[in-house]
Amino acid sequence: MPRLHELQRAFASAIVEGKGLPSVTSLQGGPSWRSLALYRRLIRHNYIQALTITYPVLHRLIGGHYFGVFARGYLKRYPSTSGDLFAYGQHFPLFLRQLESPRLLIELARLEWVCHELHQAADSPLPSQEWVKTLATVDPSSVTFRLNPAVRLLRCALPVHRVWHALQPEADGDGIDGLSQSSEEGGLLVTRAGGKIHVRSLSPKQWWLLQAVRDRKTVAEVECMASEFMPDLNLAQFLTGLSDPATGPVFSLEVHT
Amino acid sequence: MSQLVATPIPAHAGIGLRSQHYREILEEPPPVAWMEAHPENYFGEGGAPLRILERVRSQYPLSFHGVGLSLGATDPIDSTHLRKLKALLDRFQPTFVSEHLSWSSVDGRFFNDLLPLPYTEESLNHVCARIDEVQTELQRSILIENVTRYLTWRDSTIPEGEFMAEVVRRTGCGILLDLNNLYVNAVNFHLDPVKFMDAIQPDAVQEIHLAGFDHVGRWLVDTHGQAVYPEVWSLYEWALHHFGPRPTLIEWDTNLPPLAVLLEQASQANAMLGACYATPA
């Protein structure tokens with residue numbers, strides 16, 4: 001094994017496992033533990049900062065001290081595997097679940113990871129109401145729905161969107177109106193528009209329909225499902241409501257010739 | 001965005017593009033000659049960061065300063081990282097692309113920090129091969145930056161300045177000279193920064209970084225969280241007379257102040273660059 005690789009491995013072991021590193025000297029030729037302690041501190045600080053940026057609401061909710069405890073534990077179990085720190089917190093919700101953390105924290109972390117991903121997701125096509133005209137002129141079985149890239153559907157066990165909204169920096173401080181899941185809440189629609197993330201609660205029917213959109217059903221299939229299970233629903237109105245430019249276009253249509 | 005071509009960066013001061021200043025920079029583009037961005041912050045497929053970078057690029061030449069390539073590592077270079085970097089270069093045509101003479105990963109585990117290399121013949125051969133690989137893939141030369149270190153490898157046999165000079169000679173890359181790093185190392189390890197600067201080829205130095213450090217226990221630590229210290233300004237003055245005027249970045253990453261503070265530091269650098277132009281070598 002090349003000497004350079006051996007040295008780098010020894011350094012990594014010294015940082016991770018607290019082993020000594022006889023191949024280095026510290027300040028004024030002093031023992032290596034001084035240097036290694038400083039590196040450990042700097043490295044840990046970088047990761048905690050990265051997680052804080054990815055999970056700002058969770059950080060606000062539980063405070064810096066407890067967040068730091070979780071972050072240090074996460075670093076031990078899920079070390080970074082990329083030079084790009086954007087991906088570093090990917091397993092944080094799973095880690096919280098493995099710790100059997102309160103359900104609220106796990107669900108909030110899931111929502112925040114989705115928000116984080118959306119910040120850099122591909123841009124969606126410009127919102128347009130042209131789809132209504134398109135539908136009028138083509139065979140609905142030849143048109144497929146497509147969820148836009150800067151859109152996610154998230155099924156949550158708790159209405160964490162209320163916590164998420166209440167803890168935004170610009171929130172009015174009204175607090176959180178309970179955490180029991182209402183029967184009218186079926187899941188969350190998370191979108192990006194104008195550089196901002198928008199989180200909306202969906203009714204069970206909306207959730208169900210948007211799942212069909214996500215699953216790339218044809219317009220004919222969605223119409224059929226809607227008429228069978230939701231005869232009261234005005235599909236066109238529902239879809240129009242999803243295309244609010246302020247919160248970002250949710251879907252586009254692909255016409256297959 | 002129309003097809004861009006890389007524009008020369010004049011030997012004036014620039015600032016780092018940081019998300020906390022996005023709004024201010026877009027509303028009133030500051031009077032600086034160029035900006036530096038970390039490419040990793042723009043690796044996404046879309047979203048506001050890329051749109052903002054497009055707007056900034058339409059008004060300023062850019063320098064891309066990478067932090068994640070782990071040039072000195074013995075693991076294979078991350079081809080995805082390199083591919084994303086190449087795509088960004090093609091799109092934004094920065095004038096300079098730089099990385100650090102350091103390593104960050106081993107056996108697939110990343111530390112996301114700039115860890116020091118032992119300065120040995122083996123490291124030299126290894127780093128030169130890696131820089132060749134990167135330059136071939138990117139189809140352009142890169143700059144390499146001297147890093148701060150908080151330890152000394154007993155294996156090291158080559159002084160850092162000579163090591164860098166040899167890397168430049170073998171690979172044709174340039175140097176991003178970080179004077180704060182040089183100063184921090186000099187104080188922590190009782191080294192002579194002038195010796196380092198004497199060892200490197202003046203023509204290879206294409207960009208200079210100035211930043212602030214913190215005192216942590218007995219260490220000076222390169223935090224990029226303070227204004228440039230007087231001792232580093234003095235070193236800068238020496239470097240300008242030795243190398244001639246160079247594009248100079250005010251680098252500030254943590255404890256980020258208002259944009260006006262960065263601009264004031266940039267003005268100070270510009271004043272020294274102006275004095276350097278006015279004084280024949």
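Student: Which helix of chain A has the lowest confidence?
Tutor: Chain A has an average pLDDT of 88, and 92% of the residues score at least 70. Confidence is highest in helix α4(A), residues 92–98, at 98. Where pLDDT is low, the predicted coordinates should not be read in detail. The lowest confidence in chain A, a mean of 73, belongs to residues 130–137, helix α6(A).

Student: Which element gives the largest share of the side of chain A that touches chain B?
Tutor: The contact takes 38 residues from chain A and 41 residues from chain B. On the side of chain A that touches chain B, the elements giving two or more residues are α1 (3–17), β1 (24–25) and α2 (32–54) of chain A. The largest share, nine residues, comes from α1(A).

Student: How many residues of the side of chain A that touches chain B are nonpolar?
Tutor: That side of chain A includes five charged residues and 15 polar residues. Its nonpolar residues number 18.

Student: What is the bridge partner of A:Val24 in β8(B)?
Tutor: Strand β1(A) pairs with strand β8(B), residues 152–153, in the antiparallel sense over two bridges. Within β8(B), the residue bridged to A:Val24 is B:Trp153.

Terms used
Residues numbered from 1 in each chain as written. Chains lettered and ligands numbered in written order. Predicted model: local features only at pLDDT ≥ 70, side-chain atom pairs only at ≥ 80, totals over all residues. Contact = placed C-beta atoms within 7 Å. Helix = DSSP H or I, 4+ residues; strand = E, 2+ residues; numbered from the N terminus. Nonpolar A, V, L, I, M, F, W, Y, C, P; charged D, E, K, R; others polar. Pairing = 2+ DSSP bridges. pLDDT = per-residue confidence, 0-100.
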